[in-house]
Amino acid sequence: MPLAHDALTRLGLNDFIAIDLETTGLNAYADEIIEFGAVHFVNGVAEESVSQLIQPNQVLPELITRLTGITQEDVAYAPKAEEVLPDLLKKWTGSTLVAHNLNFELGFLNAACDRFKLDPIDADQGIDTVLLARTFVPKLFNHKLTTVADHFDIPLHQAHRALDDAEVAGKVLLALMEVALEADARILEILGRLAPIGKIKRLVKGAEESVVTKPSTDIYEDLDEFTWTPLPLDLDDIPLTALNLDKVTDELSDNGTLAQSLLHFEERAEQQALTREVADALNEARFLIGEAGTGVGKSFAYLIPAMKWAQLNNGPQGRVILSTRTKTLQDQLFQKDIPLLQKTFDKPWKVALLKGRQNYLCLRRLDYQLRTELSEDDQEAFMPLVSWLGETKTGDLDEAHGVWRRDIRRRVYDDPEYCVGRRCEFFERCFSINARQEAKSAQLVVVNHALLLADLAMEGAILGDYRHLILDEAHHLETSTRQALQRSANHWQFKNLFEELLRPGETGRDHGLLPQLQQHVPAENAELYNKLNSASEASLELREGVNDFFNDLTSHVQGLETYAPKSIYTLKKRYQTDIFDDFKSSQDELLKILSIWADGLETISELTEGVGDKAENLGDAILSSARNFRTLCDAWRWLLHAQDENYVFWYELSQRQYATLNLSAVPLDVGEPLMALYEQLRTAILTSATLSVSDDFSYFLNRVGLDRLPEDQVKAINFGQPFEHDEVVHLSIPTYLPEPNDPAFAEALADLLYEVTTYTQKHTMALFTSYKLLQTVQEHLAGRDLFVCAQSDNESRSRVLEEFRNGPKAALLLGTDSFWEGIDLRGDALEILVLTKIPFPVPSDPLVSAEEERLSELGKSAFGEYSLPQAILTLRQGFGRLIRSKTDRGAVILTDARVLKKGYGKRVLKSFPCEANSFYTPSSLLLDLKNFFNLDNE
């Protein structure tokens with residue numbers, strides 16, 4: 001319901017002006033305002049509005065015209081800024097200004113104030129609806145004005161036009177304050193302390209005074225009470241009921257249950273075949289390796305038999321673990337696919353979603369942060385997190401979209417390094433523990449590979465006992481296993497642990513566990529008080545000692561010939577133990593001192609017993625820190641000595657101004673540790689779109705150790721795809737281009753991309769194997785009349801994809817590693833895919849060089865048995881970005897003509913699901929594309 005007059009008064013919102021600007025760019029001093037809109041709200045009603053186009057002194061960029069609809073002709077005869085802005089700025093003096101992303105508007109307005117010699121507008125007197133939206137609706141996927149307006153059912157007739165955006169921003173503010181008045185009073189009290197000085201603080205404090213909801217006794221009182229039953233130790237004695245293969249398969253027929261529920265269901269022979277094999281593997285206690293291309297419908301194919309198996313064998317033996325690599329697929333399965341099946345089959349299957357601990361909020365770490373001295377920026381950044389805490393049931397930080405800063409998340413997630421277990425005062429409310437307990441009693445548990453492998457390392461402590469596993473995105477199993485077993489050490493890890501114990505404050509007040517404990521130690525307890533003082537002094541000295549050691553280590557590596565100062569890349573190189581010989585004795589001495597200091601921390605923890613609950617809790621936390629120091633010191637010593645022959649050791653060093661050295665190691669062979677997983681399983685289903693090389697699964701089976709199992713236990717099948725690629729995909733190889741290692745390749749590639757995109761007027765994506773080549777091609781395209789989106793350090797993948805989707809017909813996207821898979825651009829969102837180069841592994845990569853050495857020592861071809869299969873699998877992943885559904889149709893251009901000249905080319909071409917066509921001139925390639933797309937009739 002709308003805000004009442006007295007509520008508006010208490011909130012200070014009886015009178016405000018909502019504003020919005022459209023500009024030529026983002027730089028307030030280099031770009032210009034081209035339109036402003038302002039709406040005067042009185043007592044919650046929009047009463048007066050102003051809208052004005054402004055003539056800039058520069059040509060409107062094409063992107064701005066596409067975004068706003070404002071053309072060069074629209075502003076050609078509009079007044080200049082100096083003719084309208086000074087009067088407007090004077091009129092707004094003293095008013096409360098409201099905007100969605102206020103800092104952007106104020107940046108341009110204050111630049112104008114500076115130019116016209118006017119007093120600047122005080123940001124504290126404004127209200128930013130972005131901050132308030134992030135705070136009071138933190139679960140929204142994003143907090144753009146269009147998204148927030150849609151959430152509140154506020155019509156936005158013309159987005160990116162100043163007047164409409166301004167009016168909607170004002171209405172959004174009023175809607176957000178209605179939400180605020182329903183919030184928990186204690187949450188509002190914390191927000192009031194965090195809110196920046198000025199109008200925002202007054203709003204939040206006013207909401208606290210006017211709150212509709214009375215303070216609850218416990219903001220966690222609505223959390224589910226999780227119960228779980230420990231699994232029996234011996235599952236193999238439990239009798240099993242087999243699935244009826246025909247009935248399970250028929251569920252995915254035109255006459256099946258799913259067809260009756262889904263409007264656009266299509267029977268697919270490949271999906272039915274996969275379903276039948278999954279069910280048979282469950283019945284026969286077998287491992288199934290199933291390759292199924294895009295469009296098969298893998299999710300339903302394994303979910304239906306898995307859920308029916310769990311139903312028939314209700315209890316621990318029927319329990320199934322479903323693992324994916326990405327949280328995106330994990331969330332899709334849990335939030336979309338599984339609920340649909342539960343509804344379709346009307347079965348209350350108990351399903352749990354479980355993520356790694358670092359995905360959950362740690363209440364103890366949040367409490368610690370809110371008790372420390374936060375900067376103003378940090379205070380704002382914590383506001384959405386605190387608000388979300390009042391409504392979350394799971395503590396899953398992926399829900400908290402309002403938390404826009406990644407470092408805030410890192411400071412509050414559940415990190416084992418800071419966990420004190422049952423000694424924690426928030427133990428009964430621990431989100432990650434509750435999630436794990438719920439998962440242990442579920443029939444189907446959805447996890448990711450990282451968590452699956454962490455559970456393996458902890459001998460089932462996370463997931464409990466299980467016998468059946470489904471592994472989707474299985475082509476990442478090798479990489480995920482290495483990541484799970486990787487050990488690293490750098491000075492930042494030490495720095496974080498030191499700061500947890502003691503961090504000098506800006507105002508002279510120290511923060512951390514040690515000074516906090518001092519506040520709870522009675523003056524008469526001299527022994528504990530003195531030990532705390534000694535530990536604090538030693539902490540500062542040891543921190544400096546560790547910093548000095550790592551600085552010396554970094555300087556040593558920089559002195560090696562491989563280091564290239566000011567390079568934008570991070571140096572990554574294998575090392576042998578002897579390169580650090582000069583540092584081993586000093587490291588051992590420093591580690592000895594750290595060990596003695598950790599002993600002192602453990603003594604402090606013991607001395608807190610009986611001092612009081614708060615002191616004991618802090619003592620437990622200090623004990624946990626001491627143990628974390630020991631773990632990190634052990635890893636540091638092991639990495640510097642580098643004597644484990646089963647591991648590959650390397651160092652990474654940023655080559656920018658502030659270089660940071662990181663030591664890491666991973667096992668070369670992951671098959672051995674994975675055997676511990678396989679041996680506990682009765683059934684495993686491993687599926688992906690890319691598991692075979694030329695229809696041969698040997699490479700994958702060898703890489704993940706499945707070739708070590710009895711042959712009759714593993715069945716590998718390629719289920720194909722539900723459409724003929726030769727009919728929907730046109731594969732071209734332009735032989736006239738220079739080879740990729742030719743200096744002329746980049747410019748020739750840029751010419752091809754420009755010609756193909758502009759000639760066909762199709763959305764085109766080019767996939768690169770190196771960021772350097774991408775940048776060079778982008779430079780060659782600069783200045784040409786072409787809409788180009790490119791991957792960069794400053795833009796997220798989702799942001800680049802959104803820009804590409806919304807681009808004109810002739811749009812070009814340039815992407816590297818993360819764009820080779822996981823991209824879903826259907827229909828005309830992507831019609832031409834350019835694979836710029838065969839993605840061979842980089843020879844200088846530590847893991848690649850170690851693998852090649854190992855194979856050479858065994859008398860095998862490193863190229864034929866490792867580099868080429870790896871390249872083919874990656875190439876197939878890239879190829880799969882184009883055809884995502886039965887209705888898709890498009891062209892693939894491979895600009896690496898070595899496939900026609902080198903001996904390995906036949907293996908590469910055989911990996912594609914369609915025949916390749918060679919072209920010797922640019923005109924012949926364009927003519928062929930014209931015929932394929934039937935451009936004359938478009």
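This note sets out several local features of the predicted model, point by point.

1. Basis. The model is predicted; local features need pLDDT of at least 70, side-chain atom pairs count only at pLDDT 80 or more, and totals for chains, interfaces and linings use all residues. Residues are numbered from 1 along each chain as its sequence is written, and side-chain values use heavy atoms, with hydrogens and water left out. Helices (H or I, at least four residues) and strands (E, at least two) are DSSP runs numbered from the N terminus.

2. Helices α9 and α17. Two packed helices are described by the angle between their axes and the distance between the axes. Here the axes of α9 (residues 185-194) and α17 (residues 376-389) come within 9 Å and cross at roughly 170 degrees. Axes are lines fitted to C-alpha atoms, for helices over the stretch in contact, and angles run from 0 to 180 degrees between N-to-C directions. The two helices α9 and α17 are therefore roughly antiparallel (a label for angles over 145 degrees).

3. Residues of that contact. From α9, the residues I187, I190, L191, R193 and L194 meet Q379, E380, F382, M383, V386 and S387 of α17 (contact means heavy atoms within 4.5 Å). By class, the contact of α9 with α17 comprises seven nonpolar, two polar and two charged residues. Ala, Val, Leu, Ile, Met, Phe, Trp, Tyr, Cys and Pro count as nonpolar, Asp, Glu, Lys and Arg as charged, and the others, Gly among them, as polar.

4. Residue N14. This residue, N14, lies in the loop between α1 (5-11) and β1 (15-23). N14 is buried, its relative accessible area being 19% (buried means under 20%, exposed over 50%, partly exposed in between, with a 1.4 Å probe and protein chains only). Leaving aside residues up to four places away in sequence, N14 touches H5, L8, T9, F41, V42 and N43.

5. Helix α4. Within α4 (residues 81-91), the buried residues include A81, V84, L85, P86, L88 and L89. Among the elements covering the buried residues of α4 are β2 (33-42), β3 (45-53) and α5 (102-115).

6. Positive phi values. Most residues other than glycine have a negative phi. K117, a residue other than glycine, has a positive phi near 60 degrees; K117 sits in the loop between α5 and β5 (126-128) and is exposed at 74% relative accessibility. D153, not a glycine, has a positive phi of about 55 degrees. D153 is placed in the loop between α7 (145-151) and α8 (162-180), and is exposed, with a relative accessible area of 68%.

Note on methods: Angles under 35 degrees count as roughly parallel, over 145 as roughly antiparallel, 65 to 115 as roughly perpendicular and the rest as oblique.
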